[in-house]
Amino acid sequence: MQAEEPSGGNRMKGNLFNLTGQQAPVSGRVTDQAGVPLPGVTVIVKGTTTGTTTDLEGRYTLTVPENSTLVFSFIGYLSKEVVVGNQGRIDITLAENVSALDEVVVVGYGTVKKRDLTGSVASIKGEELTAFPVPDPIMALQGRASGVQISQNTGAPDGDYTIRIRGVNSILGNNSPLFIVDGIPFDSYALNSYDIESIEILKDASATAIYGSRGANGVILVTTKRGREGQANISYNFDYGLQSPIKKLELMDAQEWARFYNEYLVNAKILEEAPFSETEIAGMGKGTDWQDLMLQDAPISNHNLTFSGGSERMRYFVSASALLRDGMIENSSFDKYNVRSTLDFSPNRLVDVSLQMGYSSIDRMNQSNGGGHGGSSMFSALYSASPLFTPYDDNGDYKDLRSWFSWSSHEIRNPVMIANETSYRTVTNLSNVNASVSLKPLEGLSIKSTLGLQASDGRYDGYTTSRYIYQNNSASVNHQRAMSIVNENIANYKLAIGNTHNFDILGGFTYQQAVNKSIAASGNTFLSDVPLTNALGSAGTVNTPNTGYSKWALMSYLGRLNYSYKGKYLATASIRADGSSRYSPGQRWGYFPSGALAWNVSEEPFLKDAAALSELKLRTSFGQTGSTAIDPYSTQVLLRSGKTATGNGNYTYYAPGTTYPEPLKWETTTQWDIGFDLGFFNQRLEITADYYQKNTTDLLNTVFLPTSSGFTSTTRNIGRMNNRGVELTVAGRLVEKQDLQVKSSLNISRNKNEVVELANGDDILGATHTSFGAGSITIIREGEPLGAFYLYKDAGLDETGQLSYEDLNGDGKYTDVDDRYIAGSPYPDFTYGFNTDVTYKNWAVNVFLQGSYGNDVFNLSEMRNYSYSQGMNVERKVYHESWREGQDNSNANYPRIERVGPQKYSDRYLEDGSYLRLKNISLAYFIPIQNSLSWVKGLNVFVSAQNYLTLTKYTGVDPEVSSKGGDVNSGIDHFTYPNTKMVTFGAKVQF
């Protein structure tokens, strides 16, 4: 007998044979009001622990006893109970819970409904992080949140990247945000993307001040997945991809190279006649393509297996994963293995116990031999070696490229030999345990105590074999161990007085201690390569070993008050006191307060008739955060050891170090933020905007001292820095039909950095470079952004076809100070991301664009194209665009093909680094599951492509590059591991 269709959108069909005392299957599909399938809906037999969750198509199957009632529940939707009766199929439509559209957002030491949020917080769901495989889950955030700039420094397999939230705040300190995983400071790269439930990014002081001295650079909160009540779930996810160079440079082939150097050697008067005849040139062919030889397509695979489930009292989540990424260069790779488990136990309504354990093994093989000039490094040789050269001689031995021609570079290395005969391997084992006990002795009161332990054991092994023709075989080992212990004790009391006043009061005490130990040893000239790094004592020359030790502790008290009046007027106030062992007595404690106000205007009576407006919230915040910025023992006089020859031997001595310790204060960042949240049509369209201003005072930096003081330098609080910017996020569910859904989001951010004050107003030059030129490329100067490009001004080619420069001070000389100017900045005018998801029936398409506009890149590698004197290969355009006598040179971009004098770091090599990138495009298909495969809950397959289209004016390999790392010397491209593009395919299965 078929039941009548009940109200509320339920459709119950089919027959269920009621056999007294027996069980029978019930199946169906759960959708929302637009007919869109809802995966992950919990379906439980009321009053029992029997249950399941819907698959990717919203389908479920469950065996139930007679006279059962099914309970359907899902976050953001109204729960529904249905009496099974004699129904064999029950299709359910869940209605959105309007009051729950403000989903729960994780904040520091707690959670809050989005509707009640007063700070600036961006939330990213875990499924967005698994769109394509990345070495570190944080890399998947690129372009997905306003105010967050993530840049990949190089294309190395381990994913060398930089993340900055609302700019940079420190010269000496680390500008990376604080990473908190399930409430405990933790290394994000040890995580597996599939284990993450959500990521919250805390940006303004109201959100970050609760983390005090570590909150100035923003805070990233990672919440991992946990088990849920119901039937056991098993899922397996698999990705496989193939990586290739994102771009190859158009270099000259052998024939072009020979003609080029025929012209050069005669013009430069090195040879009277061209060395290569046309007959010889015709027989050269294309020659060796060193890029094709060195940059091989490389596989990447990702495997993830999870088990989850539980009962009302006990819930579990267990996962295992493996990420295997080969590099395009030989002997480069990144392999990561993870095992993670979470157990939640609730013996009664008063007590909750949680235990999380994780283990990660990370195996890195690096080939980062970059930089240099004249082919002196692997990557510079890759782009500079002549196509006439070959890596091997007639006997199969490595060819010494330095001796090929008398006039060719005496620095150039054989890049194939470097890749094959050197290895740099780091194996790191990370273990972590996070245990907590929560008590709820009174209504609204919870007390939670957490103990977290993270242990790291890493060993670096570097070896150069005896086949390496430029030096003796050598070995080095560096072993590091680190242990961090965190204890947090947090009390939280929530009090509601009628429907008018709501209080959320939090207080706590935390303590963290970290110990780091290291030992390093090395040697060279071994009799055999067989032992590799495992017999350092057999070295002909054993270098002096070195050991290290450091320990620091941080003690904190914190408190926060959230207040809501009728859900309209919101206020938050917090304070944290941090005491650090790194600072001098009397300066160890820092205090970091914050406050925020918000007004839910849409809750006012005068807007109740605005049916299209579902949310309008105005908010503002003000507060202070800090940055430690110094290493342990920086405020103490350290003794250094040495050896001195006295009498009949060498004796060890101890003497004061060369750095004078001074009393130091915390770097303090004061931030003000104002913003609004807009929602229309029941949140189908959401707009969030913020304006902020950050002022960092008491900047720490190194100051050089006169030698007469007995010291060479000291660290002082010397200056101020400012960041200000605007952020905008727009998200919309554009189409919501039963067979077609379209949703899109756009975020755009602008940040302007300025150094406001330095000690005595003196400039601080960036690192000194010696490749192709000499001197610094960047500068720290008052009124300019940190690490601005400080360059000579190019004046084009003179009447003889040589490089020339402008004499800015008019004294007829080119001086390092007076004839350079601020030519640009590595920081973009704005960054942006655009994401669109289209679902049609069982098909799903995702298009993700990401980009940067207005940033400059100093293309130090481009200077190779101007260094003709060493027989290096250059790009094909140089030969065709060079200055020549007797031709129209109005469009000539390169000097006359002859000796080029000393080059200067000028704006000729400064390029626009703006780009728009197709970060990801994917196509997925959800395979319908037949009844005969009821043990399979969901199956989908997909194919995707990453980085396959980049629109840019940059002439180098890739505009997203920062070879030197750091913030003072960022935006420099200097012969580095190239970025990759990738095609992946995979499958996701739920059981």
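**Second cavity**

I began with the lining of the second largest cavity in this predicted model, and I sorted its residues by class: nine are nonpolar, seven polar and four charged. The volume came out at about 240 Å³. I then listed the lining, which has 20 residues, and V134, M139, Q152, K919 and N947 lie nearest the centre of this cavity. Which strands each supply at least two residues of this lining? I found β12 and β55, the latter spanning 980-990.

**Largest cavity**

Next I asked myself how many cavities of 30 Å³ or more the count gives. My tally is eight. The largest of them has a volume of about 650 Å³, and 45 residues line it. Nearest its centre I noted Q149, S151, P826, Y827 and P828.

I was glad to meet β12 (148-152) again here, as one of the elements giving two or more residues to the lining of the largest cavity. The others in that group are β13 (161-165), β37 (713-736), β38 (740-757), β47 (830-840), β48 (843-853) and β49 (856-859). Which element gives the most? I have β38 down for that, with five residues. By class, I read 15 nonpolar, 22 polar and eight charged residues in the lining of the largest cavity.

**A four-stranded sheet**

I turned to an open sheet with strand order β4-β3-β6-β7 and antiparallel pairing. Its edges are β4 (51-53) and β7 (80-83), each of which pairs on one side only. As a reminder to myself, strands of a sheet pair through backbone hydrogen bonds, either parallel or antiparallel.

Inside this sheet I looked at β3 (residues 42-45) and β6 (residues 69-73), which run antiparallel and are joined by four bridges. What stands opposite V43 in β6? I found F72 there.

**The whole chain**

Last, I stepped back to the protein chain, where I count seven helices and 55 strands. Along the principal axes, its C-alpha atoms fill a box of roughly 105 × 70 × 65 Å. I also checked the radius of gyration: a compact globule with 991 residues would have one near 30 Å, and the chain has 32 Å, so the two agree. Of the 991 residues, I have 51% as buried, taking buried to mean under 20% relative accessible area.

Terms used:
Residues numbered from 1 in each chain as written. Predicted model: local features only at pLDDT ≥ 70, side-chain atom pairs only at ≥ 80, totals over all residues. Heavy atoms only, no water. Pairing = 2+ DSSP bridges. 1 Å grid on protein atoms, 1.4 Å probe; cavity = no way out; pocket = protein on both sides within 12 Å on 5 of 7 lines; lining within 4 Å. Points joined across faces, edges and corners; volume = space filled by probe spheres on them. Nonpolar A, V, L, I, M, F, W, Y, C, P; charged D, E, K, R; others polar. Rg over C-alpha atoms; globule rule 2.2 N^0.38 Å. Buried < 20%, exposed > 50% of the residue type's maximum accessible area, 1.4 Å probe, protein only.
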